[in-house]
Structure formats: structure tokens, C-alpha cells
Amino acid sequence: MPCCGKNRGEDGNQSEDERDITSRLEDQQQLINNSSGDAEVSEDGLINTGMLDTISQKYESLDYDTNFNSLLLDEVRSRGYKFVVRKDVLRWVVMFFVGILTALVACCIDISVEEGSKIKYGFLSWLTEKGVTDNALWMPYLSWVGLNVVPIMFGSFLISYIEPVAGGSGIPQVKCYLNGVKVPRVVRIKTLVCKAVGVTLSVLGGLAVGKEGPMIHSGAVIAAGISQGKATSIKVDTKTLPFFRQDHEKRDFVSGGAAAGVAAAFGAPVGGVLFSLEEGASFWNQALTWRILFGSMTSYFTLNMVLSTYRGYTGQLSNGGLLNFGSFENATYDYYEIPLFLIMGAFGGLLGAIYNHINYRLTVFRMRYITKPWLKMLEAMMVAAVTATAGFLMIYLISDCKSIGNDPTENPIQMYCNDGEYNVIGAIWFQTPEQSVRSLFHDPPGSHKMLTLGLFSVVYFLLNCWTYGLSISAGVFIPTLLTGAAFGRFFGTVLATLLPEYFGTQHGKYALLGAAAMLGGVVRMTISLTIILIEATGNLTYGFPIMVVLMVAKWVGDFFNEGLYDIHIQLAGVPLLGWEPPPLSATTYASGIMSYPVVVLNTKQKVGEVMEILKSTTHNGFPVVDNPMTSSITGKPSLGKLRGIILRSELIIMIQHKIYSELYHEWEGKLNIGLFRYAYPRYPDIDQIQDQVTPEERQYTLDLRPVMNPTPPTIVHATPLPQVFRLFRAIGLRHLIVTNDESEVVGMVTRKDLARYKVELQDGRVERTTMHITEQVE
């Protein structure tokens with residue numbers, strides 16, 4: 001909730017935003033009356049159809065701003081420079097262990113998937129051959145469906161019933177966290193367990209998913225846990241690293257954990273650093289860059305060593321990541337191919353825009369109708385069955401045979417091919433998506449017919465659209481790369497057919513560029529994705545073509561809609577702040593966007609009064625002012641001159657430990673910054689401690705001056721919106737106090753006040769729109 005009152009005038013009339021919402025509610029009620037009556041309506045009255053112009057009140061900001069109160073300054077004075085050095089050394093130590101543990105989790109997932117896939121597809125391959133011999137193909141078909149549905153049933157149960165925030169890839173949630181939004185339960189141990197086990201089951205279930213995206217979320221959770229020295233979920237507190245128990249410290253480690261996840265997933269430590277920078281981090285500096293790179297490198301080499309040992313090559317560090325595209329031989333390209341790269345990028349951007357639109361419509365449908373946990377499980381199981389059915393029909397109906405050779409295919413099936421041959425489409429389906437991507441990159445020319453590639457591209461594209469957003473733990477990187485690789489190889493095959501003297505051996509190159517174009521068109525990443533693909537292929541030669549197709553794919557896709565992650569963030573109603581303020585917003589001032597009236601506290605306040613304020617409001621921060629006075633400007637009663645700001649959590653800890661002026665002799669010498677750090681991050685609620693306060697103590701006094709932040713960021717009411725936005729985002733604020741010319745508090749700017757102003761890019765038009773704030777976005 002905002003930290004102050006709603007945007008109401010002093011006469012109590014509705015603000016412009018409230019009138020807009022009232023008008024929308026009336027329009028939506030008319031829609032309900034005219035419909036069949038099956039539309040769901042959320043508690044706040046808004047139709048539950050997944051609106052892109054709504055912000056949910058349930059999302060709070062993180063307290064990135066450091067409170068330089070007297071308690072912190074006392075600690076700085078007493079501990080000295082040695083403490084500063086110790087903290088810096090421990091940051092490196094923590095990042096080292098983040099890299100190691102992230103890599104170990106990645107190894108567990110990878111080995112489980114690899115061993116499970118060998119058993120599954122080996123059995124299906126044997127059963128298919130037996131079915132062909134016995135004329136009983138129903139056996140492999142039903143077995144395939146069953147082997148898909150059963151793992152998905154358990155994986156979906158973990159997400160639907162135990163931890164919903166562990167669903168999907170987790171990248172949108174991590175992006176929101178690094179942007180400064182407190183996403184509930186996003187970095188808890190239970191989330192990590194459900195994410196790791198769930199993604200293993202999802203890949204084994206044969207869906208169009210990948211395990212690389214969830215590794216980024218897993219790394220973020222690991223970093224958040226290790227850096228705090230405690231696990232609140234299982235009530236374990238090592239009482240170490242208390243000085244890292246602050247939101248801004250935790251944010252830096254989460255950035256490193258996400259980068260370590262990328263390094264483990266793709267074997268791309270530099271790409272991991274750039275991913276954290278491009279996709280989320282709201283704060284960056286040189287020291288943080290070095291630490292994150294160190295954590296990424298540690299993750300990369302740890303996973304490399306473990307997988308080399310697992311595969312029988314101890315000491316041979318050749319397994320760089322969960323996804324290794326393999327090296328390209330004779331990696332060359334000519335100047336006349338650049339227009340072809342532009343065409344591939346444009347086509348990838350168009351396909352990405354179509355993908356995002358279809359998935360957006362599916363997500364809205366799910367938000368409106370598939371709301372029960374058992375329905376979410378049923379849908380996931382149905383998609384698993386349809387995926388097996390689509391694969392089986394393609395194998396049965398398409399006759400694409402090839403002689404058995406040295407191709408990267410682990411489970412070749414003969415089906416109706418001649419002796420010494422195997423079914424090419426069957427080889428693609430009877431392996432994990434990662435292995436299929438590698439096959440399309442490195443199969444020799446002539447390995448795939450155009451019909452096979454074209455049909456597989458269409459089918460897998462649709463399955464991929466349907467799968468993302470299911471109640472499972474799964475990533476979108478690998479299935480999108482596989483779809484793009486098939487379309488790119490199709491493009492290369494067409495070129496080789498038309499101009500064999502120029503393009504006869506270039507199939508793998510165009511498969512790689514097609515994969516890049518498709519993924520760029522869906523997620524709209526540029527810098528980090530370029531480096532990730534370069535590191536995953538170990539080839540810098542294709543760096544320029546990859547960059548070209550990614551840039552064109554992003555530009556073309558942005559003409560129609562936004563990236564997939566941004567769409568899902570908007571559907572969830574998260575108040576995400578972009579990199580830049582809305583254009584042409586300099587004529588909007590702080591007085592026009594701030595929330596008011598503000599709930600303020602005096603420097604000395606009765607305990608009972610503070611408790612009543614905490615119980616009657618949900619605000620997180622309260623400006624501390626001198627006693628109310630008469631304004632010398634307006635001649636009307638004023639809230640008082642600003643002295644500082646104090647957080648709800650700080651007030652609750654003061655009441656919990658009875659830091660009252662009348663009991664000074666009892667807590668003298670015990671009040672220190674550690675009281676607040678040990679309670680982080682789950683501070684008690686006022687309802688949990690109110691019984692500890694006696695009626696006599698309610699008349700005691702709280703002196704807020706030692707605990708409050710005496711130098712909070714402030715702006716005057718005439719500050720333009722771009723300046724407000726840049727100050728708010730650069731510092732990572734949660735509250736920005738608005739004052740008049742005499743430093744009297746007149747309002748407060750919060751994240752939601754700024755996130756309401758958004759720029760839309762659609763069909764080539766740039767428009768500034770105002771978002772609507774509602775209590776809940778279902």
C-alpha cells in the first residue's frame with residue numbers, strides 16, 4: 001500500500017484517477033450484464049481478464065535507501081576501518097559460495113534430467129520398434145503419453161498447491177526484485193526446492209520447456225539465502241553476516257546469484273553479468289561488477305569440474321554449461337549474406353510478436369477461467385498428452401529417413417525406414433530439447449527435409465506458445481531456440497537448394513541465427529543474449545551476425561508489442577519502473593503525482609497513538625515532523641517542518657523491545673542497529689505484539705530521533721516528473737517526501753505514483769498512458 005493517503009482533495013472529492021476507475025467499473029458492469037454471466041469479477045470490482053493498464057496494490061517496494069541514523073553512525077565510529085575491510089572480504093567469500101552452490105544445484109538438475117531422459121527415450125525407442133514389428137503402435141503411443149503426463153502431474157502439483165511463485169522461468173520475478181519490487185516468497189527455500197524439482201519433472205515430462213531459465217531464479221534464491229546467514233522458513237539462524245541483512249545488500253547478492261545461474265545454464269559467465277545488468281539491476285558499480293563476474297566464473301568452473309567427472313573425464317574442463325551448443329567448424333560468412341541476416345532478424349521479430357500476442361491471450365484466458373489448482377494441473381497434464389500425440393503423429397506420418405552415421409542422435413528409431421536407416425523426426429523428438437538444438441546446429445547438410453523442418457517449426461511453435469504460462473516450473477529459452485533453429489535450418493536448406501554453390505554447407509550457421517532471431521523476437525534481449533550465444537558456441541566469428549539479427553528482431557518486435565517477460569509482469573500488475581522516465585513529461589510536477597494527505601508523526605509520540613496509526617494504516621513509512629504549526633505561506637494549519645522519516649518495521653521493533661523514554665534505564669546501552677537486523681526480513685506485525693503492551697505503557701513516549709532517518713531524500717512540489725523519476729530510480733527509493741518552499745511536508749511520492757505513467761509502443765506509435773491502481777490483480 002502507499003505510505004500515505006489517497007489522491008484526494010481537501011474537500012474529499014474523488015481524484016481524477018478514482019473517477020477513471022469508477023467509470024471503468026460502470027463500463028465493466030455493463031459488460032457483465034450483457035454477457036452470459038460467466039465472467040469472473042475480482043473483489044475490487046475489476047473484471048479478472050488480465051489488464052495491461054492496472055497496477056496491483058499488493059506489491060510493495062524494497063527499502064534500498066540506507067538509513068543513516070545515529071545507531072548506524074555509532075556502529076561506524078566504534079568498529080572502524082577494519083570492519084569495512086572485513087565486510088568487503090566477506091562479500092567476496094559469500095559470492096564464491098553462491099557460485100559453488102548454484103553450480104551444484106545445476107549439476108543435480110542436469111544429471112537427473114540426463115539419466116531420466118536416457119531411460120525414458122531408450123524405453124520408448126525400444127517399444128516403438130517392437131510396436132512396428134507387432135503392428136501395435138498403440139503401445140508406444142500410450143506409453144509416451146503416460147511417461148509425459150505422470151511427471152507433469154507431480155511437477156504441476158508442486159506449483160499449483162505448494163508454491164505458485166516457483167512457476168514459470170522465474171526471470172520476470174527476479175527482474176522485478178532487482179527493480180526494487182518485493183515479490184512475496186520469491187527468494188525462499190521452499191521456492192528453490194519446488195523450482196529445482198519442478199523443472200526436472202517438466203523436462204522429463206517432454207514438454208516444450210527448458211531448464212536454463214529456472215536456473216537463474218535458483219541462483220537468485222541461493223544468493224539471497226547465503227548472504228543472510230539464516231533461513232527463516234526452517235527457523236535456522238547462524239547469527240553470522242548480520243550486516244548484510246538489508247535490502248540493498250541482499251539485492252547485490254541476488255544480482256550475482258542470477259548471473260551465476262546464467263553462467264551455469266549456458267556456460268556464459270560474461271553473459272551472466274550482462275544479463276543482470278540488462279534485465280534487472282537498478283543499481284550498478286564497478287566493485288559489484290567484479291564480484292558478480294567472480295561468482296559467475298566460480299559457478300562456471302564448478303559445474304565444469306563436476307560434469308567432467310560425472311562423464312568420466314576428470315580434470316578435463318570441457319563441459320562449460322548445461323547447454324553447450326558445440327563448436328562450429330569453418331565458421332565463415334560473406335558480405336552478400338548481410339541482407340539475409342536482416343531478413344532473418346525481421347522474420348524472427350515478427351514471429352516473436354505473434355508468439356507474445358498468442359501467449360498473452362492464453363494467459364488472460366487462464367487468469368479468467370483456469371483459477372482452481374486442480375484445473376491448472378489438468379491443463380498441464382493435457383498439454384503433456386497433446387505434446388506426446390503431436391510428436392507421435394509426426395513420426396508416424398512423415399517419412400524422412402536417413403542412413404545411420406555419426407550424427408549427434410542418441411536414440412535413433414527405424415520406424416518404417418529401411419535397414420541401416422533411422423527416422424529423422426523421431427530422432428528430434430526422442431531426446432531433450434537441448435540435444436535437439438545441438439542436432440539442428442551440427443547435423444550435416446541434407447540431414448533434414450524441408451517438409452520435416454517446416455512442419456516441426458510450426459508444431460513446436462504452437463506447443464511452445466501453449467506451454468509457457470502453465471502451472472509448472474519451466475523456461476522459455478530452449479524451446480524458443482529449438483523453434484528458431486528449425487526455422488533457420490529450413491531457411492538455410494531453401495538457400496542451399498536454390499544456390500548450392502554458395503550455401504550448400506551453411507545449414508548450421510542459419511540454424512544458429514534463426515535460433516537467435518526467434519529468441520530475440522520473444523524476450524527482446526540484445527547485449528546479454530549476444531554474448532551468451534557467443535560463449536555457448538565458443539565462436540566469436542558469428543558475433544556480428546548474431547548481433548544484427550538480435551537488434552533487428554527487437555526493433556521489429558517492439559513495433560507490435562513488448563517482450564514476453566514485460567507482458568507477464570504487466571499482467572501481474574507489478575509496478576515496474578523502466579530505465580527512463582516517460583517522454584514529454586517535464587510539464588508534470590511532483591504536486592500532480594504525489595499522494596496526500598500524509599500520515600505524519602512527531603519526534604516524540606505516545607506509544608498508544610503510534611499503535612493506533614499502525615493498526616489503522618498499512619503505510620510503510622511515516623515522515624517525522626515538528627509539532628503542527630501554521631504555515632507562513634498559506635496561513636493554514638501545516639503538517640510541520642520535516643525532521644526525518646521512520647519505517648513501520650522500525651516502529652514495531654521499538655515497541656517490541658519497549659524502547660520508551662520512561663524506561664530509559666532498562667534499555668540504555670542495549671539499543672543498537674542489531675535489534676533491527678536480527679528481525680530482518682520478516683518483521684512482526686503490530687497485531688502480534690499489541691498484547692505485550694500494557695495500558696500503562698500505552699501512555700509512555702517513543703523518542704523517534706535516534707532511530708529515524710534524519711536525512712531522507714526530498715523534493716519540492718514544483719519538481720518536474722523526469723527529475724523525480726531519475727532520483728527515485730537511481731537511488732532505489734521507496735519513499736520520496738514532497739515539501740513546499742519552507743520544508744513543510746505536503747505529500748509523498750511512492751513507486752506506484754511513478755509506475756502509473758507508462759509509455760506504450762504499439763503499431764509504431766508511442767503514447768503515454770496512465771495506469772490504474774486496484775487492490776488486487778488476480
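Which residues in α10 meet which residues in α19? In the predicted model examined here, local features need pLDDT of at least 70 and side-chain atom pairs count only at pLDDT 80 or more, while totals for chains, interfaces and linings use all residues. Residues are numbered from 1 along each chain as its sequence is written, and side-chain values use heavy atoms, with hydrogens and water left out.

On the side of α10, the residues are I338, F341, L342, G345, A346, G348, G349, L350 and A353, and these meet F544, P545, V548, V549, V552, A553, V556, G557 and F560 in α19. Contact denotes heavy atoms within 4.5 Å.

Two packed helices are described by the angle between their axes and the distance between the axes. Axes are lines fitted to C-alpha atoms, for helices over the stretch in contact, and angles run from 0 to 180 degrees between N-to-C directions. The axes of α10 (residues 338-369) and α19 (residues 543-560) come within 7 Å and cross at roughly 40 degrees. This makes α10 oblique to α19, where angles under 35 degrees count as roughly parallel, over 145 as roughly antiparallel, 65 to 115 as roughly perpendicular and the rest as oblique. The crossing of α10 and α19 is right-handed; a crossing is right-handed if the near helix is turned clockwise from the far one by less than a right angle, and left-handed if anticlockwise.

The contact of α15 with α17 has 14 nonpolar, nine polar and one charged residues.

Across the chain there are 28 helices and 20 strands, assigned as DSSP runs (helices H or I, at least four residues; strands E, at least two) and numbered from the N terminus. Of the 778 residues in the chain, 58% are buried. Buried means under 20% relative accessible area, exposed over 50%, and partly exposed in between, with a 1.4 Å probe and protein chains only. Among contacts in the chain with a separation of 6 or more, 77% are between residues 24 or more positions apart.

An open sheet of three strands has the order β15-β16-β17, with mixed pairing; two strands pair if DSSP finds at least two bridges between them. Strands β15 (714-716) and β17 (745-749) stand at the edges with a single partner strand each, so one side of each is left without a neighbour in the sheet. From one strand to the next, the twist averages 30 degrees. Strands β15 and β16 run parallel and are joined by three bridges, with T714 opposite I737 in β16. Strand β16 (residues 736-739) pairs with β17 in the antiparallel sense over four bridges, and L736 has V749 in β17 as its bridge partner. Helix α27 (residues 721-731) packs on this sheet, touching β15, β16 and β17, and its direction makes about 145 degrees with that of β16.

In a regular strand the side chains alternate between the two faces of the sheet. From β16, L736 and V738 point one way and I737 and T739 the other way, and all are buried.

A further open sheet comprises three strands in the order β8-β10-β13, again with mixed pairing. Its edges are β8 (601-602) and β13 (642-647), each with a single partner strand, so one side of each lacks a neighbour in the sheet. Strand β10 (residues 621-625) pairs with β13 in the antiparallel sense over five bridges, including the bridge between P623 and I645. Helix α23 (residues 648-656) lies across β8, β10 and β13, running at about 75 degrees to β13. In helix α22 (residues 607-616), V607, G608, V610, M611, I613 and L614 are buried; among the elements covering the buried residues of α22 are β8, β10 and α23.

Helix α4 is mostly covered, nine of its nine residues being buried. Q173 is found in α4 (residues 171-179) and has a relative accessible area of 18%. Not counting residues up to four places away in sequence, Q173 touches V165, G167, V183 and V186. Just after α4, G180 takes a positive phi of about 110 degrees.

Conventions. Nonpolar A, V, L, I, M, F, W, Y, C, P; charged D, E, K, R; others polar.
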